[in-house]
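Subject: Structure for you to look at

Hello,

Here is the structure I promised to pass on. Please open it first, then read my notes below with it in view.

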Amino acid sequence: MKNRRFIISAFAAAIILLTASYALALPEAFIVYKETDLGGSWQYDYTIYNISTEGEAIHEVFFYFAGDVAVTGTSLPAGWHGVPWTGAYTISYLNAYSTEFTYDIVAWDSASGFSFTTDYRAGNILYEAHFSGDKYSSGTTVLCLFSFFRDADGDGFGDPEDTVQSCLAPEGYVADNTDCDDGQAQINPQTLWYRDNDEDGYGNPAIYLQQCTVPSGPTPYVLNTLDYNDTDPSIGPSVKLSGTSAGYYLSLQAAYDEASNGDTIQAAAVVFNENLYIDQNKSVAIDGGYNGTFTSSSGSTTIQGNMSVAGGGLAIGNVVLQ
Ligand SMILES: [Ca+2]
Ligand SMILES: [Ca+2]
Ligand SMILES: [Ca+2]
Ligand SMILES: [Ca+2]
C-alpha cells in the first residue's frame, strides 16, 4: 500500500512537471495601451510587445470587446492589415494581421500604432496573439500610466519637465525625475558641493552638502575639493603636477603616483603631514615653496613624515623634511 501510494504520487508529480514545461514553452505577448477621452468617444493606442522566449514571431492579434461596440479604426503599423479596421463598424472584436513575414513582431521586439476609437470606455479588453508555429496565447491588455523622464545627460536622473507616459522606459528616459540640470552629468541629486569659505574657487574637502542645486547662502560652494587652506584665498591647491597627468592634487603621494617620468611636482609653501614613498621606476622632481597660484616660488615646503626612496629617481628643491 505504501509503495502504491508512492507510485501514484510520482505519477502525479510527473504530470505536473509536464504541464509546467508545456506552459513555459507557450509564447507570450504583452499588450499595453493608452486611452484618451475624446468627449463622447475614447481613443485607444496599443503597443504589442513580443516576450516569447522561444523565438516565435507575432503575425496576428485579435482584440475582443465585452459586447458589441461602435468602433472606428484609425491606424495600423506599416505592413499590418485589419478586418475590419478602417471605417466605422458595430462589432465585438477587431483583428489585425501582418501582411508579410518582414512585418511580423519578432521576439523581444514591439510594434506601436494599433489605434481605434470606441463609443464607450472599453478599458482593459481581452486579446489573442498568434505566433509562428501555429501557437497562440491570450490575456488582457494593460493600461499604461507610468511616467518616464528624459535623461539627456545620461547620469541616471530624469528631467521633471520632460516626460512621456509609457509602459516601458523609452530609450533615453528613466523613471527618476530629480535631475535639476539635465545638461550636465556631474550635476544630480548625488552631487557633493564643497564649501569655499575664502572664496578662492577651491573647496574644502571636509565640509560639503549633497544636493542637486548649488547651495544658496552667502558662502559659495564649488565642485572641487582642492583647497589646502580654506581660510586664506592666497593658498589654493597644495600640489600641482605638470605633464601627462597634469592637475591639482591634495597630497604629494597622489601627485607622485600619477606623475610620468620627467614630470615636476610643484608643492605649495605649506606643511604636508604625510609619508612619501618613492618606489616607482620613474624620475620626478618635487619643487617646493610655491604660492597659492603656483606662479612663483619664494618659500619652502615642509614634509612632516617619513620619505623612503626604494626605486626610480627623485630631485628635490625647496623642501624641508621634519
Ligand atoms: Ca540626467
Ligand atoms: Ca544631470
Ligand atoms: Ca576656498
Ligand atoms: Ca584657500
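Find Leu-241 and look across to strand 17. Which residue there is the bridge partner of Leu-241? The partner is Gly-247. Strand 16 covers residues 239–241. Strand 16 pairs with strand 17 in the antiparallel sense, over 3 bridges. Keep in mind that this is a predicted model.

Five strands make up an open sheet, in the order 17-16-18-21-24. Its pairing is mixed. Which strands are at the edges? They are strand 17 (247–249) and strand 24 (313–317). Each of these pairs on one side only. From one strand to the next, the twist averages 25°.

Strand 1 (residues 29–37) and strand 2 (residues 42–50) run antiparallel, and 9 bridges join them. Glu-35 has Tyr-44 of strand 2 as its bridge partner. The two strands form a hairpin with 4 residues between them. Check Gly-39 in that hairpin: its phi is positive, near 80°.

Strand 2 has another partner too. It pairs with strand 6 (residues 110–118) in the antiparallel sense, over 8 bridges. One pair to find is Trp-42 with Thr-118 of strand 6. While you are tracing strands, remember a general point. In a regular strand, side chains alternate between the two faces of the sheet.

Now the whole protein. It has 2 helices and 25 strands. Why call it more spread out than a compact globule? The radius of gyration is 34 Å, while the globule rule gives 20 Å for 322 residues, so the protein is more spread out than such a globule. Its C-alpha trace spans about 95 × 70 × 40 Å along the principal axes. Buried residues make up 27% of the 322. Take the contacts between residues at least 6 apart in sequence: 50% of them join residues at least 24 apart.

Last, the domains. There is domain 1 (27–143), domain 2 (191–231) and domain 3 (239–321). The centres of domain 2 and domain 3 are 25 Å apart. Their contact takes 5 residues from domain 2 and 4 residues from domain 3. On the domain 2 side, 3 residues are nonpolar, 2 are polar and none is charged.

Best wishes

Definitions and conventions. Residues are numbered from 1 along each chain as its sequence is written. Chains are lettered from A and ligands numbered from 1 in the order in which they are written. The radius of gyration is taken over C-alpha atoms; the globule rule is 2.2 Å times the number of residues to the power 0.38. A residue is buried if 20 or more other C-beta atoms lie within 10 Å of its own, exposed if 12 or fewer, and partly exposed in between; C-beta atoms are placed from the backbone. Two residues are in contact if their C-beta atoms, placed from the backbone, lie within 7 Å. Domain bounds come from an automatic or database domain assignment. Ala, Val, Leu, Ile, Met, Phe, Trp, Tyr, Cys and Pro count as nonpolar, Asp, Glu, Lys and Arg as charged, and the others, Gly among them, as polar. Two strands pair if DSSP finds at least two bridges between them. Axes are lines fitted to C-alpha atoms, for helices over the stretch in contact, and angles run from 0 to 180 degrees between N-to-C directions.
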